[in-house]
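Reader: I am new to this structure. Please show me how to read it, one feature at a time.

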Amino acid sequence: MDSVGFHLAFWSLAAITVGGALMVIVSRNLIHAVIYLILSFIGVAGLFLTLSADFLALVQILIYVGAIAVLMLFAILLTPHAIRDNAETPMRYPAAILMGLVIAAGAFVALETDWGAMRDEAIPAQARVIGESLINHYVLPFEIGAVLLTAALVGAIALAREDEEDVPIHRDSLAQESLAQEAPGGLPEAAVAVAPPASGPAAGPSSPSAGGPSAGGGA
Amino acid sequence: MTGALAAWYDFRDLNGISREISEWVAGWGPDWLASFVTGLLGALGIIAIIGPTLLLLIWLERKIIARMQSRYGPNRVGPRGLLQPVADAMKLILKEELAPRAADKMIFLLPPILVFIPAILIWGVIPFGPNMQVADLNVGVLYFLAISSTTVLVVFMAGWASNNKYALFGAMRVIAMSISYEIPAVLALLTVVFFTGTLSVNGIVQWQQQNDVILLVILPMAAFTFLFASTAELNRTPIDISEAESEIVAGYHTEYSGMRFGLFYAVELANTLAISAFFATFFLGGWWLWGLDEWVPSWMILLAKTGAMYFVFIWLRGTLPRFRIDQLMSFCWKFLVPVGLLFVAVAAVERTLLIEEVWDATAALPVYAVVNIALTAATVAVYARLSGTPAQRLPSSPIMAQGRLGGLRAARELAQPLGGGD
Amino acid sequence: MTIALEEYLVVAAVLFGIGLYVALSKRNAIGVLMGIELMLNSVNLTLVAFSRFSESAVALSTQVFVVFIIAVAAAEVAVGLALAMVVYRNRHTVSIDEINLMKW
């Protein structure tokens, strides 16, 4: 694992992973943050590949990039009048200190421990081996995982489902109120469905998401 | 044909050229450079093939659709209109590329480029022959699923950044559809993997070769599910509600003009071609055709099957009207997913009987084929009965079918009853 | 210099730190979920790195563990986002500063 190509792959993938994660912090727009998060996920999948864990790398892309990130984008679109600026709470100073401590401790442990000899062959045919051990050694966790996923599925549907007769009466007034708070520029059209493109840069790129709930509700 | 290495001039197995080059590079350069060069060659070969093929496919699609609708199609530019796609591409390149003022510039400009990445990557695992594969991953099917699921994100970026309600509607529809239809597609491929016992795409072809059968006969429901689900993910016309022009202008690429739109259009066709190739590989035997692959270059067989599948896609587009989104969603969740689960169970039982050697494959596979075809027909019939849409009678004598060949000739005969066909 | 376990662990540690910061400091509930996902990813990276550099039997169970983590992460995100939507529906905000009904 010390050829030039491997170095190139590792350092560029590490840069993508960490850089994407840093941009999640720095980015001022929540949608941009999710897209940088996806970049970081892809970098982690690439690092899995350099560790010759091809099955896990593809599972990573399939689930994190193809499902989880899309779910997050969906959730952002379905909460249209919430804040979108990806701002931080005053907790950011202790959090930053904690981050520094965790990174320092992790790096110290990683670099100072004697990890012993490394094994230099990969598991052959990982998908087969993992699958077989899932239904042999780990069959109980596997079943529990299945039950957990089913419970999460049912729970998520039960939570997110909106009963027609259950809608609070004052909902529309609430929506107007929060709109007025959010955009003092006062675009009455924005309340209908979507700010038209002519609404100017003040409405910004987050305004089309106001169309989100109607589109999602229709779907 | 089993693993024998071909000489570089053997055009039946283009792997020979790539191996010669990489061995030559390895002679003077480091190892990683050799593998890098091999990968680069594969990628460049794929891009070089796809580009011109797309231009041909655009022409073919327009011609065939026109033929189905009793029109002539493009016939002005070049012989038989062959240069029409080139002219269209020139027009798109010369057009001004507009961007909405309120668009999110960074995300708006990226998608036409990003959308190419999965479209090219997905060709990496298609086996064009016993040795002709850019990467014979032992998780090839998973690779296919993972790569094709990332297209959704690019489409979402395009739709959201446009700052246009129709683009956003289109993007939301794409996400909802793709996530829904990924589940039946995975279930369908799961039955394929059950039967072949491998996740490697080349392994699936080899299983079909060893057992002398194409999976389409054994797993008709899986084939249908895969076809329908991939049509949904491709946004092609019977199921193209994400860019339905009668409802939401052009969907997620409403705001894209010039070559940016052209890139979306090209990628859509490239993806259709890739899905055709994957269908041919999974269900039609790939590069293998009952021994014909001994005589004809295997990649030609695969391309022929791909072309046949592409014709099926065009045919569907020319024949069926667009579905509504609620019809599509209920078809996915109320029919394809439960039936897919049922067939996963059926395939598991059948495969277990094979593994346990209750009977051997030569006796079992025909029985399985008959059983599965009957089961598929039964589920479709029951669903049609339950959903309250009985099969409709066709009109007894449609006008266009009166002529012997239908289409243009019939139209001409209708126009000149005494003239006869030319 | 060869790339061994240490480099991967350092990358994972940095990723974990960033995820921790995002989870602790972001105002939007979905942003907090993003931080949690980053942390889970870094844990996965650590486990896969250990599986690459350890005994075969250990390596296998490590990878199976990663599969379980990914499954749990998917479940967690589904429920978490559903919760965010419920909160949004009732309070018209997903800002964790303003979700303070249970505060005395």
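Reader: Where in chain B is confidence lowest, and where is it highest?

Author: pLDDT is the predictor's confidence in each residue, from 0 to 100. Where it is low, the predicted coordinates should not be read in detail. Chain B has a mean pLDDT of 80, and 86% of its residues reach 70 or more. Helix H17 (residues 407-415) of chain B is lowest, at a mean of 62. Helix H13 (residues 258-283) of chain B is highest, at 88.

Reader: How many helices and strands are in chain B?

Author: Helices (H or I, at least four residues) and strands (E, at least two) are DSSP runs, numbered from the N terminus. Chain B has 17 helices and zero strands. Chain A has nine helices and zero strands.

Reader: What span should helix H7 of chain B have?

Author: The expected span is 1.5 Å times one less than the number of residues. Helix H7 (residues 140-161) of chain B has 22 residues and should span 32 Å. Its end C-alpha atoms are 33 Å apart, which agrees. Of those 22 residues, 21 are buried, so H7(B) is largely enclosed by the rest of the structure. B:Asn163 follows H7(B), with a positive phi near 60°.

Reader: At what angle do H11(B) and H13(B) cross?

Author: Axes are lines fitted to C-alpha atoms, for helices over the stretch in contact, and angles run from 0 to 180 degrees between N-to-C directions. The axes of helix H11 (residues 220-234) of chain B and H13(B) come within 10 Å and cross at roughly 170°. That makes the pair roughly antiparallel, a term for angles over 145 degrees. Two residues are in contact if their C-beta atoms, placed from the backbone, lie within 7 Å. The residues that meet include B:Phe226 and B:Leu227 in H11(B), and B:Ile275 and B:Phe279 in H13(B).

Reader: Is B:Val193 buried or exposed?

Author: B:Val193 has 21 C-beta neighbours inside 10 Å, so B:Val193 counts as buried. It lies in helix H8 (residues 165-196) of chain B. Not counting residues up to four places away in sequence, B:Val193 touches B:Val141 and B:Leu199.

Reader: Which helix of chain A supplies the largest share of the side that touches chain C?

Author: Start with the totals: 76 residues of chain A are in contact with 69 residues of chain C. H4(A) supplies the largest share of chain A's side, eleven residues. That side divides into 58 nonpolar, 14 polar and four charged residues. Here Ala, Val, Leu, Ile, Met, Phe, Trp, Tyr, Cys and Pro count as nonpolar, Asp, Glu, Lys and Arg as charged, and the others, Gly among them, as polar.

Reader: What does A:Leu148 contact?

Author: Leaving aside its neighbours within four places in sequence, A:Leu148 is in contact with C:Val72 and C:Ala75. A:Leu148 lies in helix H6 of chain A.

Key:
Residues numbered from 1 in each chain as written. Chains lettered and ligands numbered in written order. Predicted model: local features only at pLDDT ≥ 70, side-chain atom pairs only at ≥ 80, totals over all residues. Buried ≥ 20, exposed ≤ 12 C-beta atoms within 10 Å, placed from the backbone. Parallel < 35°, antiparallel > 145°, perpendicular 65-115°, else oblique.
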